[in-house]
Amino acid sequence: MKLISWNVNGIRACVRNGFTDFLHSYKPDIMGLQEIKIDDVSRAAHDFDFRDYKEVWNPAKKPGYSGTATLSKEAPLSYKAGIGIEKFDNEGRIQTTEFKKFYFINAYFPNAQPELVRLDYKEAFNEAILKHVKKLEKKKPVIITGDFNVAMEEIDLARPKENIGSPGFSNEERYWGREFLKAGLVDTFRSLQPDTKQYSWWSYRAMARERNVGWRIDYFLVSAKIMGNVKQAFILDKVKGSDHCPVGIEINW
C-alpha cells in the first residue's frame with residue numbers, strides 16, 4: 001500500500017502544474033493534501049478529475065487559506081473533519097479517515113510565523129492533536145502525516161545554525177516534535193534513513209530549491225507497533241508543483 005502526503009500550496013495552482021498527472025503516475029492508495037486554499041467544495045469536486053478516488057474535503061472558513069483534503073481508492077469506514085476544537089477546526093487543519101487496519105490522520109500544522117507570534121496557538125494545536133492520536137490508538141494503529149512545519153533535528157535542514165530560534169526550528173517547536181516520538185510514534189523516514197539529508201520544502205526566495213537549501217518539515221509518523229510493516233519511506237524531491245514536494249511510505253499488511 002502506497003501512502004503519499006503533499007502540501008500543494010493551493011490545489012488549483014498545483015493542478016495547473018501537473019498534479020493530476022502525478023496522481024495517475026504514482027497511483028497512491030491514499031493521499032493527504034494540505035493547504036488546499038479552497039472554500040467551495042462542491043465546485044472543487046466538479047472541477048477536478050481525480051478518477052478512481054474517494055474525496056473528502058476540509059476547507060478553512062477563511063477563503064483561500066489553509067485546508068486539507070484526503071483522497072483514497074478505498075472508501076473509508078468513517079471520516080471526521082477536525083477534532084471538535086473550534087479555533088483549529090475553523091482553519092480546516094485536521095482530517096481523520098478510518099480504514100480496516102488503521103486510522104489515517106491528515107494534518108496541516110500551524111506555522112509559528114515571524115517573531116513566533118503564533119507559537120502559543122501551535123503548541124496548543126500540538127497538544128490537542130497528540131491527545132487525538134492517543135485516543136484513536138486505543139482502538140487501532142495510527143498513521144499521521146502532513147506538513148508539521150518543524151524541522152526536528154539539525155539534519156532536517158540545510159542551515160541549522162543560521163535558523164536556531166526561527167519559526168520551524170525554535171526550541172519549543174522541536175520539543176513538541178520530540179513529544180510525538182516519545183509518545184510512541186515513529187518518524188518513518190528518519191527511522192529507515194537515519195543519515196540521509198533530504199528536504200521537502202524550499203523557500204521561493206534566492207533560488208533555494210535550485211541550490212537545495214531546504215527543510216524536511218513533512219512527515220509520516222506511525223504507531224510503533226506497525227513500524228515493522230513500513231517497507232519504504234521516501235521524499236519525491238524532483239516533483240514540482242508547490243514549494244513543498246510529496247513524501248510517502250509503502251506499507252505491507
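Axes here are lines fitted to C-alpha atoms, for helices over the stretch in contact, and angles run from 0 to 180 degrees between N-to-C directions. Helices (H or I, at least four residues) and strands (E, at least two) are DSSP runs, numbered from the N terminus.

A quick word on the source: this is a predicted model, where local features need pLDDT of at least 70 and side-chain atom pairs count only at pLDDT 80 or more, while totals for chains, interfaces and linings use all residues. Residues are numbered from 1 along each chain as its sequence is written, and side-chain values use heavy atoms, with hydrogens and water left out.

**The helix pair.** Helix 5 (residues 119-137) packs on helix 6 (residues 171-182) at an angle of about 5°, and their axes sit 11 Å apart. Helix 5 and helix 6 are therefore roughly parallel, a label for angles under 35 degrees. Contact (heavy atoms within 4.5 Å) involves Leu-119, Lys-122 and Ile-129 of helix 5, among others, and residues including Trp-176 and Phe-180 of helix 6. Sorted by class, that contact has five nonpolar, one polar and six charged residues. Ala, Val, Leu, Ile, Met, Phe, Trp, Tyr, Cys and Pro count as nonpolar, Asp, Glu, Lys and Arg as charged, and the others, Gly among them, as polar.

Five of the five residues of strand 6 (residues 94-98) are buried, so the strand is largely enclosed by the rest of the structure. Buried means under 20% relative accessible area (1.4 Å probe, protein chains only). Ile-94, Thr-96 and Glu-98 point one way from strand 6, with Gln-95 and Thr-97 pointing the other way. In a regular strand, side chains alternate between the two faces of the sheet. Strand 6 and strand 7 form a hairpin with four residues between them. Gln-95 stands opposite Ala-81, and also opposite Asn-106 in strand 7.

| Strand | Partner | Bridges |
|---|---|---|
| strand 5 (residues 78-81) | strand 6 | four |
| strand 6 | strand 7 (residues 103-108) | five |
| strand 1 (residues 2-7) | strand 14 (residues 247-251) | four |

Six strands make an open sheet in the order 3-4-2-1-14-13, with mixed pairing. Strand 3 (54-58) and strand 13 (230-235) are the edges, each pairing on one side only. Neighbouring strands of this sheet are turned by 10° against each other on average, direction ignored. Lys-2 stands opposite Glu-250 in strand 14. Helix 2 (residues 19-26) lies across strand 1, strand 2 (30-34) and strand 4 (68-72), running at about 165° to strand 1.

Notes. Angles under 35 degrees count as roughly parallel, over 145 as roughly antiparallel, 65 to 115 as roughly perpendicular and the rest as oblique. Buried means under 20% relative accessible area, exposed over 50%, partly exposed in between (1.4 Å probe, protein chains only). Two strands pair if DSSP finds at least two bridges between them.
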